[in-house]
Amino acid sequence: MDSRINSRKFKSISRRELLKLTPVVALGAFAIPKLQEPLLKAGLGFSDWFSAKLFRSGHLATTFADSELTPPDKFPINGYDVADPQVDFDRWNLTVAGGVQKPGNYTLAQVQALPKITQNTRHVCVEGWDVIGRFGGARLSDFLKMIGADLTARFVYVECADDYYESLDMATALHPQTLLCYEMYDAPLTREHGAPLRLQMPTKVGYKQAKYLTDLRVTNVLEKVGYWEDQGYSEFYGL
Amino acid sequence: MSTQALTIEDAKTGEVTEAVYEHPLIVRLCHWVNAVALFVMVGSGLQIFRAFPSFGAKIPQKDLINWPKSFALGGWLGGALQWHLTFVWIYIGTGLLYLAYQVFSGHYKQVLFMPKDVPGVWPMARHYFLFGPKPPAREAYNPLQKHAYTSVIVLGVLSVATGFAVWKPIQFSWLAWMMGGFHLARLWHFLIMWAMLAFVFGHLVMVVLHGWNNFVSMLTGWKKDPEYVAK
């Protein structure tokens, strides 16, 4: 198609075409301080929703040979405030509450009586580094069944001796590699790694692996999501 | 592919110029939205990188590069992740829309580097880099341009693929495996960013060299006085 027009007409065509690009300006909303936070929250929320859809209950994380393990003394110790919250092992127990048939206090011996799983899996930090560790413990799913948890509830929420707190979606809590971990490298969990009991699962990023567990609650509603999540990190962060 | 063309007669002087509609609206929208998204992805990506500015295993952790905070976006790791995981959907969305449009409209013939373009590569490179004679222009993009634009599309796809391997190394374990594992996937993701930045740099230089009409065509769609249209 070739047609002859005058330059004034061409200018008006050009202007109209330029104006059609105005939707691009909508991105400027991200530069408005009042809108920025809710927009980014919505964006991260969408990513979390999508992540939950991508999660496959039956899909196992890669396990590694003993020769690929990070040496125990090189396994990084990450705490958010204290390396050792002075847990009294003799009086320690896990307080269970929420949507369960058998709430109450559970001893470490009761957790250790469940079938023991030992796995060499990758531990990935939100910062981007990773290590391969050897973890031993009971499946969280076995523990949830033991306490008569409502497995249709949405979350498992935990609190820790150092005021850290975390939550897991039920699908991840029931994943066969999600452990209530009491051993690392075939030795009892050390204090700096979260003795006597911590969460350990290869399908989540590091900050989900809460240490020094004291309380566990099965719930549909989270008042708080997690220590880092409540400061703006991803609530799901599945790997 | 039929291209719309106009002959413009100057209202005052009566002088005649040609104009060709080079960039359909969807292409222009995708171009500019994606440009903003790429800017945010690079800025926030560099801030994320600052949290562990190295590659491979944690041990020994040596900072490979001390990337300055002023050339990063998001302020802190959590903030940068919010930007990265928000704009990635805009980045992917515009990318997919662009690709779908190119394929279904047939417009890809203007951009896609094909075997028939190979013989034209050397004369064009000689012109750009060795002051050789300028080969005659027959279509909107010369073979080197097509090569650059096709490459950056491939890089865009790879940036998303490597990104998913780093973000979801378990759900997309096959992707991470294809890239040689989690550590290498992270390195590829980083290197692909630099390759894309190299394209952006070259692209901006060429925009400046090729002048105003060329730049305006990505805004209005219309390119005035294109050199490949016979006068």
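Q: What phi does A:Asp163 take in the hairpin of S6(A) and S7(A)?
A: In that hairpin, which leaves four residues between its strands, A:Asp163 takes a positive phi near 70 degrees. The model is predicted, with local features requiring pLDDT of at least 70 and side-chain atom pairs pLDDT 80 or more, while totals for chains, interfaces and linings use all residues. Residues are numbered from 1 along each chain as its sequence is written, with chains lettered from A and ligands numbered from 1 in the order written.

Q: Why do S6(A) and S7(A) count as paired?
A: Pairing requires at least two DSSP bridges between two strands, and five bridges join S6(A) (residues 155–160) to S7(A), the two running antiparallel. Within this arrangement, A:Glu159 stands opposite A:Tyr165 of S7(A).

Q: Why is S7(A) described as largely enclosed by the rest of the structure?
A: Four of the five residues of S7(A) (residues 165–169) are buried (20 or more other C-beta atoms, placed from the backbone, within 10 Å of the residue's own), so the strand is largely enclosed.

Definitions and conventions: A residue is buried if 20 or more other C-beta atoms lie within 10 Å of its own, exposed if 12 or fewer, and partly exposed in between; C-beta atoms are placed from the backbone.
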